[in-house]
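Trainee: Before we start, please show me the model. I want to know what stands behind the terms used for it.

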Amino acid sequence: MLYLQLFISFFKIGLFGFGGGLAILSLIQMEVEAHGWMTQQEFVDIVAVSQVTPGPFGINCATYVGYTTAGIWGSILATTAIVLPSLIIMLAICKAYFWLSNKFQGNPYYEQTLRMLRFTVIGLIVSAALMLIKPTNFIDTTSWIIFGVVALLTVLPNFISQKSKVESQKVPTGTPIKRMTEILSHPILLIILAGVAGYCIYR
Amino acid sequence: MFLPLFWTYLKIGTFTVGGGYAMLPLIQREVVDRQGWIDEKEFLNMIALAQAAPGLIAVNSAIFIGWRVGGWRGVCGAVLGAVLPSFLIILAIAMVFQDWKELPAVEAAFKGIRPAVVALIAAPQFKMAKSAIKAKGEGTKGERSLAYNLWPLALSLAAALLIWLGHVNPVWVILATIIITLIAVSIQHSAFRK
């Protein structure tokens, strides 16, 4: 029964996970929470692990949830289940590739639906973040300071690059400040720094 | 064609940290520049299709390229290569993580990491929203208008609130988006015809 539930849940995640990567987050969160397969804390931890290990996020989550709920066979089953919808749909797309590439380009139904899904997916990811703002993850004021610093460092390159657009006509390689903010906004570096900070503060 | 595709995707899968989007430049270098399996134009078409279809982008692209290059065997090789590194690494971590988690040092580190992860999920959406909106000098004048961009942003907000406060399953939000958009476009079209 557990195997069947795992299969159905991750098949559903694969089938409705538009946008890839983090977009799949809120779908996984909902399924995992509904079945009580993981605590909020565990979920955040596995997102953190996913960000610093190679491979697609969906596979990482499927493997982890599968293993912790039903052992090695569970992890194989969950991973297969999340890949299966892709396999069916993408093979159908491949078979119809030449027909598709003529019909769909410039089709307003297709293009507007994709455009709107992009915006929905942004909402989906934001909701995943909002659901994680809980006392188990934010234990004190320091947590909010870490949150603020990481958020700031992540969005900072967006503002810098806008300014250097004017300058870049003179200097084609981009300013050193821009490059520095880009390095500092790297998620792996930020997670490692947050881990070091946590170790120093909460030890 | 099983082995060449398997090795190529195994390499890509092992050395890309940060999910599907991080894989795309590497896939391009291996598949287009080095192996010459497909050309630039087909690669761009592939990205568009892999993003439009549901599922993981890395897996979708592996299926497309596997099929174009080597049929069924190609698909099996590419998908296995793309999935296996991340599967094995996470499996190894899952096996020890339950015990490590209890260590005071690891626990302390994760106390710092958790709020950072929430920020890393939320903050990039600013850039996503910015790139989804047509800026100055992009698209037609109609595509830059306030109404054209305000509605979809309201949709983002509505989706976030419905799931966060209403506990609506994201699946319904996605289905509703598709249905409402199709209806809206067809109404727009029939209005044009009159």
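Mentor: What follows takes the terms one by one. This is a predicted model, in which local features need pLDDT of at least 70 and side-chain atom pairs count only at pLDDT 80 or more, while totals for chains, interfaces and linings use all residues. Residues are numbered from 1 along each chain as its sequence is written, and chains are lettered from A and ligands numbered from 1 in the order in which they are written.

Trainee: Why is α1(B) called oblique to α4(B)?

Mentor: Helix α1 (residues 2–15) of chain B packs on helix α4 (residues 57–100) of chain B at an angle of about 40°, and their axes are 7 Å apart. Angles under 35 degrees count as roughly parallel, over 145 as roughly antiparallel, 65 to 115 as roughly perpendicular and the rest as oblique. Therefore α1(B) is oblique to α4(B).

Trainee: What kinds of residues make up the contact of α1(B) with α4(B)?

Mentor: There are 16 nonpolar, nine polar and one charged. Ala, Val, Leu, Ile, Met, Phe, Trp, Tyr, Cys and Pro count as nonpolar, Asp, Glu, Lys and Arg as charged, and the others, Gly among them, as polar.

Trainee: How many helices and strands does chain A have?

Mentor: Chain A has nine helices and zero strands. Both are DSSP runs: H or I over at least four residues for helices, E over at least two for strands.

Trainee: What share of chain A counts as buried?

Mentor: Of its 203 residues, 46%. A residue is buried if 20 or more other C-beta atoms, placed from the backbone, lie within 10 Å of its own.

Technical notes. Axes are lines fitted to C-alpha atoms, for helices over the stretch in contact, and angles run from 0 to 180 degrees between N-to-C directions. A residue is buried if 20 or more other C-beta atoms lie within 10 Å of its own, exposed if 12 or fewer, and partly exposed in between; C-beta atoms are placed from the backbone.
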